[in-house]
2 protein chains.
Amino acid sequence: MYFETIQQMKKMLGQFDHWFEKASHHAKEKSFDPNVYLGLRLAPDQFAFARQVQITCDTAMLTASRLTGKEAPKNEDHEGTLGELSARVHATVAYLDTFTADDFAGAATRTVTQPRWEGKYMTGADYFHQHAVPNFFFHLSQAYAILRHNGVGLGKRDYLGALDLRAP
Amino acid sequence: MYFETIQQMKKMLGQFDHWFEKASHHAKEKSFDPNVYLGLRLAPDQFAFARQVQITCDTAMLTASRLTGKEAPKNEDHEGTLGELSARVHATVAYLDTFTADDFAGAATRTVTQPRWEGKYMTGADYFHQHAVPNFFFHLSQAYAILRHNGVGLGKRDYLGALDLRAP
C-alpha cells in the first residue's frame, strides 16, 4: 500500500497545474501579476504559498526515498514564478515515476530518521502513517487554502481530481 | 493498512480538543466569544469551521463503515459551541474504537457507493486512496487553516501530535 499511496500523491501533485492555471486566470481578470501568489500566506508566521508547494513536493519525494532507502535529489527552492513551481512539481512526479512496487518491500520495518530527531528514529510504518501522509496532505491543503482565500475559484473536484468510478 | 489508517485518523481527531483549547484561550485574551470560530471561513463560498470539523468526523466514520460494510450512525450537525464540537469528535472516536483489524478483511474489493455517484461505485481500495484519505486530511487542514488565519497559535506539532520516535 506504500506504493499505491505514492501513486495517489503523484495524482494529487498533478492537480497543481490546474490550480496554477486557475490562479493565473484570476490574476489576469483582476490585472495583477500571477506570481504575487507565491508570497501569499494565511498568517504572518506561516509558510507562503511557494513554500507550501515546495514542501508538498519534498514530502512526496522523501516518503518514497526514505521508505525505500534510495537517495533523494536535493532541491534549491529557488522557484520564483508559477511556471518554475510547475517545473518543480513535474520533476517531483518524474522522480516518483522511477519507483516500482518492489522497491517498497520491507518498507514497514525500515529505519527512518532525520537530523531534527537528534538520533532517534521511526519505523517505516510509523513514519508513513504519523508523519509522511499527514504532512503531504497538510501542505497540499494549506496551498489550496491560500489560493481559495485569495479569490481563486477552486473546488473539491480540483483537489481530488477524477475518481475511478465504475459502472454497475 | 486500512485499520492502521483508522488508528491514525483517531489520533488526529484527538488533536481537535487541543486546537479548541488554544482557540478558547485566544478568544479569552482578545475578549470575544470563542464560539465565533464556528462560523468563520476562508472564503464566502467555503464551509465554515464547524462544518469542516463535522465533515472531518464524518469522513473518518464513513471510511470505517464503508470499508467494512457496517452501518454508520446519522449525525444531525446541530453543534453550536466548541464544547458540542468536542463531544462530536469524542463520539466519532468512540465509534472508530468499535472496529478491529479483522473487520477490514476484504475491504480492498468491497463495493463502495453513495447517492451522488448516481449508481456508479468505487472499489474499496480506490475509495480509500482517492476519496477517503484525501478528504479526511483536506477538511482537517481547512479547519486548521481557519483557526491559524484567525490568530490561533497552532503549529505543526498541534497538527501531527506526538510521534513514536524510538531511541537507537
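User: How many residues of chain B are in contact with chain A?
Analyst: In this predicted model, 33 residues of chain B are in contact with 33 residues of chain A; contact requires C-beta atoms, placed from the backbone, within 7 Å. Residues are numbered from 1 along each chain as its sequence is written, and chains are lettered from A in the order in which they are written. Local features need pLDDT of at least 70 and side-chain atom pairs count only at pLDDT 80 or more, whereas totals for chains, interfaces and linings use all residues.

User: Which helix of chain B gives the largest share of that side?
Analyst: H5(B) does, with 12 residues. Helix H1 (2-13), H5 and helix H6 (156-160) of chain B each supply at least two residues. Helices are DSSP runs of H or I with at least four residues, numbered from the N terminus.

User: What is the make-up of that side of chain B?
Analyst: The residues divide into 17 nonpolar, 10 polar and six charged. Ala, Val, Leu, Ile, Met, Phe, Trp, Tyr, Cys and Pro count as nonpolar, Asp, Glu, Lys and Arg as charged, and the others, Gly among them, as polar.

User: How do H3(B) and H5(B) pack?
Analyst: Helix H3 (residues 49-68) and helix H5 (residues 124-149) of chain B pack at an angle of about 160°, with axes 8 Å apart. Axes are lines fitted to C-alpha atoms over the stretch in contact, and angles run from 0 to 180 degrees between N-to-C directions. The two helices are therefore roughly antiparallel, a term for angles over 145 degrees. Their contact comprises 12 nonpolar, eight polar and one charged residue.

User: And in chain A, at what angle do H2 and H4 cross?
Analyst: Helix H2 (residues 16-30) and helix H4 (residues 82-96) of chain A cross at roughly 175°, and their axes come within 10 Å. On the H2(A) side the contact includes A:Phe16 and A:Phe20, and on the H4(A) side A:Leu82 and A:Leu85.

User: Changing topic, which residues have the most contacts inside the largest nonpolar core?
Analyst: They are A:Leu147 and B:Leu147, in a core of 81 residues. Such a core is a set of buried Ala, Val, Leu, Ile, Met, Phe, Trp, Tyr and Cys residues joined through C-beta atoms within 7 Å. Buried means 20 or more other C-beta atoms within 10 Å, exposed 12 or fewer, and partly exposed in between.

User: What does A:Leu147 touch?
Analyst: Not counting residues up to four places away in sequence, A:Leu147 touches A:Trp19, A:Ala23, A:Tyr37, A:Val152 and A:Leu154.

User: Is B:Ala87 buried or exposed?
Analyst: B:Ala87 counts as exposed because it has 12 C-beta neighbours inside 10 Å. B:Ala87 lies in helix H4 (residues 82-96) of chain B.

Notes
Two residues are in contact if their C-beta atoms, placed from the backbone, lie within 7 Å. Angles under 35 degrees count as roughly parallel, over 145 as roughly antiparallel, 65 to 115 as roughly perpendicular and the rest as oblique.
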